[in-house]
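Work through the exercises below with the sequence and the 3D structure at hand. Try each task before reading its solution.

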Amino acid sequence: MSAPVFHPPSTSPLPPPPQFTLLALVLYSPLSRTISMPSTTAGEPIPIETSHEDMIHDAQLDYYGKRLATCSSDRTVKVFDVVDGETQRSTGHTLKGHTGPVWQVAWAHPKFGPILASCSYDGKVIIWKEQQGQGPGAGGWTKIKEHTLHKASVNSVSWAPHELGAILACASSDGTISVLTFKNDGTWGADVFEGHAIGCNAVSWAPAVQPGSLIAPPSSNTVPGQQPPAVQSVKRFASAGCDNLVKIWSFRDDTQAWVEEDVLEGHADWVRDVAWAPNIGLPRSYIATASQDKTVLIWTKDTPTSPWTKTALDPSASSAAPASGGAPPVPAAPAPAGRFPDVVWRVSWSLAGNILAVSCGDGKVTLWKENLKGTWECVSDMTS
């Protein structure tokens with residue numbers, strides 16, 4: 001039997017993602033084996049039994065919100081079909097290949113096919129592909145790549161914007177960052193470089209389009225009747241480390257190497273997560289960072305040449321909206337100004353890049369939005 005291959009991206013057009021989905025939000029508790037998804041008909045989230053045998057560490061919907069992937073300390077990845085907001089137990093698949101807790105999963109863009117990446121405490125990154133088959137029991141998920149260049153736990157994986165190609169960034173506790181690139185000849189290239197001295201916790205890619213390209217004046221060299229030149233894409237991502245820093249990395253075409261572009265200092269403890277907001281080409285860029293110091297910082301860059309400025313989310317100054325379902329918010333012990341009640345583990349932007357979800361160690365997920373005055377306000381909170 002021939003080995004599975006990673007096919008080049010399809011040239012056929014793909015349907016767009018759901019237009020009215022602001023946030024593909026899945027709630028899960030690290031101490032539970034179940035997760036919750038927003039209901040399409042009722043206000044209360046729908047609990048989903050995943051059949052994992054240990055703690056759940058991540059849950060991700062695919063591009064269309066039709067597949068749900070979860071991973072756990074039981075060393076497995078599970079994939080479910082989602083129909084009308086509910087998972088279909090009969091169509092679930094269990095992916096086995098890791099020998100330690102699986103920390104994170106990430107879906108590739110559908111132009112590359114049904115591809116899923118997972119990373120684990122065992123130091124491995126596995127890329128899975130669903131094999132299409134006909135008849136009952138046909139098909140299934142197989143490993144198409146096993147990345148073993150890291151010497152310690154791999155804590156985070158993130159696919160680059162599809163415009164850049166099939167590229168996967170990986171963050172490890174050994175302090176290095178690796179970037180896997182699928183080449184046209186069917187092989188994988190790997191760039192490994194030092195990222196954070198103590199360890200790296202998370203990576204997040206910048207949008208492929210250059211900031212400000214949407215409103216840039218047309219080139220004077222454009223001939224009437226001809227299409228303007230394509231907007232140049234840029235390879236850039238952010239990493240979060242145990243050295244309390246966030247670093248910006250960019251790829252230099254002249255040296256064919258990744259270089260440190262900027263360092264963001266503001267947290268007083270480990271930076272647990274980083275999320276670069278989607279952008280359609282407007283001048284301003286946003287990065288959200290979550291830390292062990294119980295803070296969330298919003299980093300803003302007004303123009304490509306401006307410095308990064310930071311703003312801390314302040315839960316004490318925001319009157320949270322009622323939780324999902326209309327119930328009043330549960331009273332909690334007051335936290336110091338600018339700090340959340342517990343460690344902040346994850347941050348995630350909506351598809352439009354205007355709403356930020358913050359996941360805290362107290363089991364709450366809060367949604368934040370910037371008002372017209374430039375102040376970030378909590379607009380909703382949910383309990384997992």
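**Exercise 1. Which residues are linked with Asp58 in a network of salt bridges?**

Step 1. Apply the definition: a salt bridge is a side-chain nitrogen of Lys or Arg within 4 Å of a carboxyl oxygen of Asp or Glu.

Step 2. Asp58, Asp273 and Arg346 are linked in such a network.

Step 3. Note the basis of the answer. This is a predicted model, in which local features need pLDDT of at least 70 and side-chain atom pairs count only at pLDDT 80 or more, while totals for chains, interfaces and linings use all residues. Residues are numbered from 1 along each chain as its sequence is written, and side-chain values use heavy atoms, with hydrogens and water left out.

**Exercise 2. How many salt bridges does a search of the whole structure find? Describe three of them.**

Step 1. The search of the whole structure gives 11 salt bridges.

Step 2. Take arginine 67 and glutamate 130, whose closest N and O atoms are 3.2 Å apart. Arginine 67 belongs to strand 5 (residues 67–72) and glutamate 130 to strand 10 (residues 125–131), so the pair ties together parts that are 63 residues apart in sequence. Strands here are DSSP runs (E, at least two residues), numbered from the N terminus. Both arginine 67 and glutamate 130 are buried. Buried means under 20% relative accessible area, exposed over 50%, and partly exposed in between (1.4 Å probe, protein chains only).

Step 3. Take glutamate 146 and lysine 124, with closest N and O atoms 3.6 Å apart. Glutamate 146 is in strand 11 (residues 140–147) and lysine 124 is in the loop between strand 9 and strand 10, so this pair ties together parts that are 22 residues apart in sequence. The relative accessible area of glutamate 146 is 33%, so glutamate 146 is partly exposed. Lysine 124 has 13% relative accessibility and therefore counts as buried.

Step 4. Take glutamate 261 and arginine 236, with closest N and O atoms 2.9 Å apart. This pair links distant parts of the chain, 25 residues apart: glutamate 261 is in strand 19 (residues 257–265) and arginine 236 is in strand 17. Glutamate 261 counts as partly exposed because its relative accessibility is 35%. Arginine 236 has a relative accessible area of 16%, so arginine 236 is buried.

**Exercise 3. How many residues of strand 13 (residues 167–172) are buried? Sort them by face.**

Step 1. Six of the six residues are buried.

Step 2. In a regular strand the side chains alternate between the two faces of the sheet.

Step 3. One side of strand 13 holds Ile167, Ala169 and Ala171, and the other holds Leu168, Cys170 and Ser172. Both faces are covered.

**Exercise 4. Is histidine 109 buried or exposed?**

Step 1. Histidine 109 sits in the loop between strand 8 (102–107) and strand 9 (115–120).

Step 2. Its relative accessible area is 16%, so histidine 109 is buried.

Step 3. Histidine 109 and aspartate 62 are 47 residues apart in sequence, and their C-alpha atoms are 8.3 Å apart in space.

Key
Helix = DSSP H or I, 4+ residues; strand = E, 2+ residues; numbered from the N terminus.
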